[in-house]
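Let's take a friendly walk through this model together. Have the sequence and the 3D view at hand.

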Amino acid sequence: TVDPATVAAAQLAERKAMMDSLAQEAAKREADRVRLEQIERQRAEERRRQQDELSAKEKQKRKDEAKAFSEAGLDFYRMGKFPEAEEKFRRAVELDPSITSHYYKYGITLYRNDKFNEALVTLKISETTEDSRMEKEYYMGLIHFRLKELEPALEKFTLVQNGKVPVLSPSAAFYRG
């Protein structure tokens with residue numbers, strides 16, 4: 001017969017090994033995200049610089065095109081066609097980098113397409129209104145949760161739960177549990 005203490009010790013060692021492995025994977029993903037964020041911020045800055053060099057007429061044309069792409073992206077998103085929505089939001093971001101709400105919509109669509117690292121980077125870059133800030137934090141929590149990055153997920157869900165947002169706080173409390 002096997003001693004129960006030996007079994008418990010083996011289970012504890014197995015759990016510790018699994019948690020260490022998850023932590024190493026999370027650290028690698030975080031390093032990748034830092035690199036991706038630097039690259040994306042450089043691209044955004046370059047797009048803004050290029051936009052500043054355009055004539056007023058061309059700037060307005062691009063803003064109008066970006067708005068049309070964003071609206072088309074929302075239509076695809078509502079229909080559940082997330083790959084198509086992703087492409088439309090990506091084009092909106094490229095055409096008008098000055099409107100960071102495009103980044104927010106793009107980030108949520110990346111999440112829906114299971115592109116978690118890219119989604120986190122994009123959401124981090126995005127600027128939101130006070131009304132959508134908790135939703136952004138909630139999605140970031142979901143992404144960390146899906147990546148099994150439990151500490152950052154817990155932080156995000158705690159923030160959302162404490163924000164007392166009627167639609168999101170109960171769900172955040174569930175994920176915290």
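The notes below cover the aromatic residues and then one aspartate.

## About the model

This is a predicted model, in which local features need pLDDT of at least 70, side-chain atom pairs count only at pLDDT 80 or more, and totals for chains, interfaces and linings use all residues. Residues are numbered from 1 along each chain as its sequence is written, and side-chain values use heavy atoms, with hydrogens and water left out.

## Aromatic pairs

A pair of aromatic rings is described by the distance of the centres and the angle of the planes. Here, rings of Phe, Tyr and Trp (its six-membered ring) pair if their centres lie within 6.5 Å; planes under 30 degrees apart count as stacked, over 60 as edge-to-face and the rest as tilted. Searching the whole structure gives eight aromatic pairs. One of them is the tilted pair of Y111 and F116, with 5.9 Å centre to centre and 50° between the planes. Y111 is buried (under 20% relative accessible area; exposed is over 50%, partly exposed in between, with a 1.4 Å probe and protein chains only), at 11%. F116 is buried too, at 12% relative accessibility.

Y138 and Y139 make an edge-to-face pair, 6.2 Å centre to centre with 75° between the planes. Both of these tyrosines, Y138 and Y139, are buried.

## The aromatic cluster

Which residues form one aromatic cluster? They are Y111, F116, Y138, Y139, F145, F157, F174 and Y175.

## A look at D20

D20 sits in helix α1, residues 4-52 (a helix is a DSSP run of H or I, at least four residues, numbered from the N terminus). D20 is partly exposed, at 36% relative accessible area. Between D20 and K156 there are 136 residues in sequence and 22 Å in space, C-alpha to C-alpha.

Methods:
Helix = DSSP H or I, 4+ residues; strand = E, 2+ residues; numbered from the N terminus.
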